[in-house]
Each structure stands twice: as structure tokens, then as C-alpha cells.
Amino acid sequence: MHPVTSEYDYLSQMVPHHQDAITAARQLQRSSRPEMQQLGRSIVTTQTAEVAEMKGRLEKWYPQSPAPSPSGTTMPDLSELSGDQLDKTFLQHMIPHHMMAIMMSQQLLMHGQAPHPEVTAFARKVRDDQWAEVRAMRQYLAQWFGQQNMPCIPRVPGMTPGPHSGAPGGPTPTEPSPAGT
């Protein structure tokens, strides 16, 4: 992940990042766990729509800029995995993958880098939706595989796990208000 330095940078990095998640999530059709199948469908549906939305905004607002292109993947090839190995590997890699999207979104919000309010709202939604999925995925790891600690989940300013101040869903002290003040 590269630091987010602008709205264009955020959108152009997030497109291939989402595409990477979609590719991995499609593999969950083969999971024997209904929860994992549903998680996969949700990620594919949500992030496919978000990719289309981001591409549309890039074409409209930044037509002279280069199109987003993948700079590498953070997800392993899951096509040869099955059963517990598929589920566990997906969870272990998708949690930090989602955390990257959360951090990118939080960077954009904290630094007020989005001149378009639609992107500010979009970044907030990505942050909050993916944080909810991270919590669910951590619960699956603990419940099914006994993994309690995920050292790959760093502390992010404004993102503290729990229902107290700074949890996703509410503005942080360093995040501009929706009105831009």
C-alpha cells in the first residue's frame, strides 16, 4: 500500500485493490460453510458495484490521468485450496487486505483529500463496511480455528476496536465534518 495523497490516488489504488478481493472472494463458492459462501457473495456483489462506481468517477473527474492498474496482489491464489484450508487462508489474508482499504480510506478522510463529497461518503462507507467484515472474519478465525490474535491488524488513528469513541461510524477528531468544516 502506498500512502494516499489525493482523491485520484485513493480511487486509482482502490480499484485494483477491490478487484483483488473480488477474485479471492469468488473462490468461496467452493467453501462448505454457508457463512463463508455468504461472505464471498457479499464481497463480490458490493465491491463489483464499488469498482464500477470508482471507475465512473475516475473517467468523469480525471479523464487525462492514467487508468488504474494492479501493482501486485496481496491475496494468494486460492484456486487449489479446499475445505478448512481454503477458509482459513482466505480469512488470514482478507483481514489484512481489508485493513489496507480501511487505512487508505481513513487517510483520505483524516487529511481531507477528497474535493468531491461523494468520495468522502464513499470512503466512510468502505471504512465502516470493511471494518464490520473484519470483525466477523476475526470471529470466524477464533470460532473455527482457535486463532485469537491477529498481529497483522495495526492500530489506526480513529479506528479503535470497540463501541467507544473513535470506532468506525462516527467522525474522528481529525476527520473533517461532511460539510467540510
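These legends accompany several close-up views of a predicted model. Local features need pLDDT of at least 70 and side-chain atom pairs count only at pLDDT 80 or more, while totals for chains, interfaces and linings use all residues. Residues are numbered from 1 along each chain as its sequence is written, and side-chain values use heavy atoms, leaving out hydrogens and water.

**View 1. The largest nonpolar core has 44 residues.** Such a core is a set of buried Ala, Val, Leu, Ile, Met, Phe, Trp, Tyr and Cys residues joined through side-chain atoms within 4.5 Å. Buried here means under 20% relative accessible area, exposed over 50%, and partly exposed in between (1.4 Å probe, protein chains only). Look for Tyr10, Phe90, Leu91, Met94 and Met137, which touch the most other members. Helices H1 (7-26), H2 (34-61), H3 (83-110) and H4 (117-145) each give two or more residues, and H3 gives the most, with eleven. Helices (H or I, at least four residues) are DSSP runs numbered from the N terminus.

**View 2. Met94 and its contacts.** Beyond neighbours within four places in sequence, Met94 is in contact (heavy atoms within 4.5 Å) with Ala21, Ala24, Ile43, Met75 and Met137.

**View 3. Arg33, Asp84 and Asp87 form a network of salt bridges.** A salt bridge is a side-chain nitrogen of Lys or Arg within 4 Å of a carboxyl oxygen of Asp or Glu. Arg33 meets Asp84 at 3.0 Å, N to O; Arg33 lies in the loop between H1 and H2, and Asp84 in helix H3, 51 residues apart. Asp87 meets Arg33 at 2.6 Å, N to O, and both are buried. Asp84 is partly exposed, at 46% relative accessibility.

**View 4. Arg127 and Asp128 meet in a salt bridge.** Their N to O distance is 2.8 Å, and Arg127 is buried, with a relative accessible area of 0%.
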